[in-house]
Amino acid sequence: MAERKAKRSVRKKQSVNWPRKVLRFPQTKGKTIETVEFCTEPGYHSVSVNFTDKTSLNFSIDASFTVETDYSNWKTGNQRIIQRWRPAQNVEFRDTL
């Protein structure tokens with residue numbers, strides 16, 4: 001008699017495929033970070049990545065996890081916005097287009 005191998009039922013893990021958006025900031029490539037600051041106060045939350053060349057990458061975050069990012073120059077002591085990106089919102093709160 002031929003031996004029968006018992007087939008084992010294999011269940012694949014069901015993963016949820018959430019929409020994912022990756023934003024890259026090429027202006028920061030190769031720069032040296034001086035400090036990173038997180039600021040939170042009622043109604044305002046932010047993360048600032050400050051570079052040694054007196055530029056910074058800033059992330060403003062609202063309660064629904066919308067991230068607004070700008071790249072700015074501080075060489076004169078005053079902020080000069082070089083570039084702004086469209087807000088990135090939490091999937092749960094994202095408006096349909």
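Rings of Phe, Tyr and Trp (its six-membered ring) pair if their centres lie within 6.5 Å; planes under 30 degrees apart count as stacked, over 60 as edge-to-face and the rest as tilted. The model is predicted: local features need pLDDT of at least 70, side-chain atom pairs count only at pLDDT 80 or more, and totals for chains, interfaces and linings use all residues. Residues are numbered from 1 along each chain as its sequence is written, and side-chain values use heavy atoms, with hydrogens and water left out.

**View 1. Aromatic pairs at Phe25.** Two aromatic pairs occur in the structure. Phe25 and Phe59 are edge-to-face, because their ring centres lie 5.6 Å apart with the planes at 80°. Phe25 precedes β1 (33–41) and Phe59 is in strand β3, so this pair ties together parts 34 residues apart in sequence; strands are DSSP runs of E, at least two residues, numbered from the N terminus. With ring centres 4.9 Å apart and planes at 90°, Phe25 and Trp85 are also edge-to-face. Phe25, Phe59 and Trp85 form one aromatic cluster.

**View 2. The largest nonpolar core.** Seven residues make up this core: Phe25, Val49, Phe51, Leu57, Phe59, Tyr71 and Trp85. A nonpolar core is a set of buried Ala, Val, Leu, Ile, Met, Phe, Trp, Tyr and Cys residues joined through side-chain atoms within 4.5 Å. Buried means under 20% relative accessible area (1.4 Å probe, protein chains only); Phe25 has 16% and Phe59 18%.

**View 3. Lys31 and Phe51.** Lys31 lies over the face of Phe51, 5.7 Å from the ring centre (criterion: NZ of Lys within 6 Å of the ring centre and within 35 degrees of the ring normal).

Conventions. Buried means under 20% relative accessible area, exposed over 50%, partly exposed in between (1.4 Å probe, protein chains only). Helices (H or I, at least four residues) and strands (E, at least two) are DSSP runs, numbered from the N terminus.
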